[in-house]
Amino acid sequence: MTKNKTALITGASSGIGYDLAHIHAEKGGNLVIVARREDKLKELKETLEKRYGIQVMTVVKDLGLPNAPLEVYEEVKQAGIKVDYLINNAGFGGRGKFHERDWEKDLAMIHLNIIALAALTRLFLPDFVKRNTGKIMNVSSTASLMPGPLQAVYFATKAFVTSFSNAIAGELHDTKVTVTSLLPGATETEFLSAANLNNTDMVKSTASSRKVAEDGYNGMLEGKLNVITGLPFSQRIQVAAMPLLPKSMLLKTVRQMQEVK
């Protein structure tokens with residue numbers, strides 16, 4: 001199913017995006033990999049092409065910049081590449097009280113997690129609809145299911161991603177184009193240290209990045225709406241019970257999970 005299909009993956013230089021690139025390459029698919037770190041992209045390209053005999057295009061781009069999504073789209077078009085799967089994985093978080101955090105960092109988070117993702121979807125989706133084929137996976141988080149004291153902006157950006165993805169999927173009900181939202185729990189990636197979440201209960205139990213990527217990729221191929229993965233049994237119970245909890249209790253629980261011990 002995936003052989004000779006081309007997947008565009010953002011944030012491919014590490015973590016879930018890196019594993020998604022390997023998974024797609026293992027199945028014989030070609031790639032467009034996008035990230036800021038040129039050295040990491042070059043290394044990944046060489047590894048995948050040599051190991052799997054596929055074609056990999058690298059696009060070095062800071063997707064937080066206003067024109068970056070359009071530049072990615074135009075570079076892909078100019079290269080004559082038809083993208084079959086769009087995987088919006090790039091994103092970051094950051095811990096701290098909203099009124100004390102650096103606003104520029106939170107604004108950059110909004111630009112990357114929301115605006116770049118929505119822009120790339122808007123750019124590639126018309127092509128998918130015109131061909132009546134294609135798959136989109138937007139990497140969200142279980143954080144999208146609740147408000148997040150001490151990560152207020154991050155949780156809110158992921159709430160947008162899940163809602164946005166589900167809404168578009170509903171709009172495409174009469175096409176063969178699917179939109180999947182991947183909602184992992186805490187995952188073993190650079191994200192946790194970059195978001196300053198070390199020494200919090202958030203990292204007591206983390207999922208394998210490879211396992212999360214596999215679950216998301218397979219769910220995308222199946223056209224699933226949401227893929228919730230990477231949660232131990234106790235956290236799956238908590239997520240299921242969240243709608244029943246008083247909001248004040250939920251806020252306290254989430255806040256305590258993200259406080260440094």
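Student: What covers the buried residues of α7?

Tutor: The cover includes α1 (15-26), β4 (85-88), β5 (134-139), β6 (177-184) and β7 (226-229). The residues under that cover are Ser209, Val212, Ala213, Gly216, Tyr217, Gly219, Met220 and Leu221. Buried means under 20% relative accessible area, exposed over 50%, and partly exposed in between (1.4 Å probe, protein chains only). Helices (H or I, at least four residues) and strands (E, at least two) are DSSP runs, numbered from the N terminus.

Student: What are the ground rules for the numbers?

Tutor: This is a predicted model, where local features need pLDDT of at least 70, side-chain atom pairs count only at pLDDT 80 or more, and totals for chains, interfaces and linings use all residues. Residues are numbered from 1 along each chain as its sequence is written, and side-chain values use heavy atoms, with hydrogens and water left out.

Student: How do you know that the span of helix α7 agrees with its 14 residues?

Tutor: The expected span is 1.5 Å times one less than the number of residues. For residues 209-222 that gives 20 Å, and the end C-alpha atoms are 20 Å apart, so the two agree.

Student: Why does Ile87 count as buried?

Tutor: Ile87 has 0% relative accessibility, so it counts as buried. The residue lies in strand β4.

Student: Which residues does Ile87 contact, leaving aside neighbours within four places in sequence?

Tutor: Leu8, Ile9, Thr10, Leu20, Met137 and Met220. Contact means heavy atoms within 4.5 Å. Met220 is also one of the buried residues of α7.

Student: Why are α1 and α2 called roughly parallel to each other?

Tutor: α1 and helix α2 (residues 38-52) pack at an angle of about 20°, with axes 10 Å apart. Angles under 35 degrees count as roughly parallel, over 145 as roughly antiparallel, 65 to 115 as roughly perpendicular and the rest as oblique. Therefore α1 and α2 are roughly parallel. The contact is made by Tyr18, Ala21, His22, Ala25 and Glu26 of α1 with Leu44, Thr47, Leu48, Arg51 and Tyr52 of α2. Axes here are lines fitted to C-alpha atoms, for helices over the stretch in contact, and angles run from 0 to 180 degrees between N-to-C directions.

Student: Which residues meet where α3 packs on α4?

Tutor: Pro69, Leu70, Val72, Tyr73, Val76 and Lys77 in α3 meet Ala116, Ala119, Leu120, Leu123, Phe124 and Asp127 in α4. Helix α3 (residues 68-78) and α4 pack at about 30°, with their axes 9 Å apart.

Student: What makes the link between Asp127 and Lys77 a polar contact?

Tutor: Their side chains are joined at 3.2 Å. A polar contact is a pair of N or O atoms within 3.5 Å; within protein, one must be able to donate a hydrogen and the other to accept it, and residues adjacent in sequence count only if both atoms are side-chain atoms. Asp127 has 17% relative accessibility, so it counts as buried.

Student: Which side chain makes a polar contact with that of Thr157?

Tutor: The side chain of Asn113, at 3.2 Å. Thr157 is found in helix α5. Thr157 has a relative accessible area of 2%, so it is buried. Leaving aside neighbours within four places in sequence, Thr157 also contacts Met109, Ile110 and Ile114, among others.

Student: Are Asn132 and Leu150 buried or partly exposed?

Tutor: Asn132 has 32% relative accessibility, so it counts as partly exposed. Leu150 has 15%, so it counts as buried. Asn132 lies in the loop between α4 (103-131) and β5, and Leu150 in the loop between β5 and α5 (152-171). Phi of Asn132 is near 55°, a positive value in a residue other than glycine. Phi of Leu150 is near 80°, also positive in a non-glycine residue.

Student: Why does Ala35 count as buried?

Tutor: Ala35 has 7% relative accessibility, so it counts as buried. Ala35 lies in strand β2 (residues 30-35). Ala35 and Leu63 are 28 residues apart in sequence and 7.8 Å apart in space, C-alpha to C-alpha.
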